[in-house]
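Here are my notes from a read-through of this one. Have the viewer open while you go through them.

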Amino acid sequence: MKVVKGANWEEEIGAATEVVQHSENGPAVIFDEIPGFPKGFRVLTNFFGGKRKNMTLGFPEGLNRMELGEAFVETFLKDMKTVPYEEVRRGRFAKTF
């Protein structure tokens, strides 16, 4: 886990995230003290990086990518049931924001 203070959201946070997320051993990064935002507003990136994805999904840390993929399919997708759908003639957009 790395903490970076003072990085701006327009360029630096995205660029730094792009760099660390492509490394198998890249750290999770907390960006703190972001200019223009109140104290306490933070951004957490790369929390699925490296072996953390195994732990986040509830699997042993020692699984490699292939084993993790197989375990994910077996655990989460094997008995997955589809949600029934209903066809409608017209839809309505609901403004939620």
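**Notes on the fold and surface**

1. Starting with contacts: in the protein chain, 41% of the contacts between residues at least 6 apart in sequence join residues at least 24 apart. Keep in mind that we're looking at a predicted model.

2. On the overall layout, the chain has 3 helices and 3 strands. Read from the N terminus, the order of the elements is β-α-β-β-α-α.

3. What about the dimensions? The radius of gyration of the protein chain is 19 Å, whereas a compact globule of 97 residues would come out near 13 Å. The C-alpha trace spans about 50 × 45 × 20 Å along its principal axes.

4. Burial and surface go together here. Of the 97 residues, 22% count as buried. The chain exposes about 8,300 Å², and carbon and sulfur atoms supply 58% of that area.

5. Now for helix α1, residues 12-21. Which of its residues are buried? They are I13, T17 and V20. These residues sit on the same side of α1, because the arc they cover around the axis is only 70°. As for what lies over the buried residues of α1, the cover includes β2 (29-32) and β3.

6. Is T45 buried or exposed? T45 counts as buried because its relative accessibility is 10%, and the cut-off for buried is under 20%. Setting aside neighbours within four places in sequence, T45 is in contact with T17, A28, V29 and F31.

7. On the surface, have a look at the nonpolar patch formed by M1, L44, F47 and F48. Together these residues have about 430 Å² of accessible area. One of them, F48, is found in the loop between β3 (43-45) and α2 (52-57). F48 is partly exposed, because its relative accessible area is 42% and that class runs between 20% and 50%.

Terms used. Residues numbered from 1 in each chain as written. Predicted model: local features only at pLDDT ≥ 70, side-chain atom pairs only at ≥ 80, totals over all residues. Heavy atoms only, no water. Patch = residues over 30% accessible without salt bridge, like charges linked within 9 Å, V, L, I, M, F, W, Y side chains within 5 Å. Areas by Shrake-Rupley, 256 points an atom, 1.4 Å probe, with all protein chains shown as cover. Salt bridge = Lys/Arg side-chain N within 4 Å of Asp/Glu carboxyl O. Helix = DSSP H or I, 4+ residues; strand = E, 2+ residues; numbered from the N terminus. Buried < 20%, exposed > 50% of the residue type's maximum accessible area, 1.4 Å probe, protein only. Rg over C-alpha atoms; globule rule 2.2 N^0.38 Å. Contact = heavy atoms within 4.5 Å. Arc of directions from axis to C-beta.
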